[in-house]
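Me: Could you walk me through how to read a fold like this one? I'd like the general idea, and then the case in hand.

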Amino acid sequence: MFDLHQAIDREANMADFCITAVRYNKDREHIEYVHVREEKPKTLGAARMVSRAFVADLIRLGKATFQTRTKADDIWKLGAQVHLIDDVYLTTDRNSTERDNLGHLPEF
């Protein structure tokens, strides 16, 4: 069912899932958990908290694709594709920096 509060900005090359928020470890050295939502035809699925390692495994194994999304004015805006560095770090930037880098996603 289409919900105006869950309206989303669509792009042709959509991923399977989107990451909408992050949680860092206690030392703020790396992302520990992310909020993941399924990309659906007219809306996004409910947020699910999953570990960064699980998302990295899905990407590494070619089982799922991910992109970031941010919400502005009740519309989910498309962000960048999520990639891996060293099969461990989630990033939207392919600069090979060994750290998590998902832009400026909100924290939960």
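Me: Which residues does Val55 touch, leaving out those up to four places away in sequence?

Reply: This is a predicted model, by the way. Val55 makes contact with Ile19, Val34, Val36, Val50, Phe66 and Leu90.

Me: Which residues of helix 1 are buried, and where do they sit on the helix?

Reply: In an α-helix there are 3.6 residues a turn, so residues three or four places apart point the same way. In helix 1, the buried ones are Arg52, Val55, Ala56, Leu58 and Ile59. Down the helix 1 axis they fall within an arc of 160°, so they line one face. Their cover includes strand 1, strand 2, strand 3 (48-51) and strand 4.

Me: How many aromatic pairs are there?

Reply: You describe such a pair by the distance of the ring centres and the angle of the planes. This structure has one. The rings of Phe17 and Phe66 have centres 5.5 Å apart and planes at 25°, so they're stacked. Phe17 is in strand 1 and Phe66 in strand 4 (residues 66-72), so the pair ties together parts 49 residues apart in sequence.

Me: Is Phe66 buried or exposed?

Reply: Phe66 is buried, at 2% relative accessible area, while Phe17 is partly exposed, at 25%.

Notes:
Residues numbered from 1 in each chain as written. Predicted model: local features only at pLDDT ≥ 70, side-chain atom pairs only at ≥ 80, totals over all residues. Heavy atoms only, no water. Contact = heavy atoms within 4.5 Å. Phe/Tyr/Trp six-rings, centres within 6.5 Å; stacked < 30°, edge-to-face > 60°. Helix = DSSP H or I, 4+ residues; strand = E, 2+ residues; numbered from the N terminus. Buried < 20%, exposed > 50% of the residue type's maximum accessible area, 1.4 Å probe, protein only. Arc of directions from axis to C-beta.
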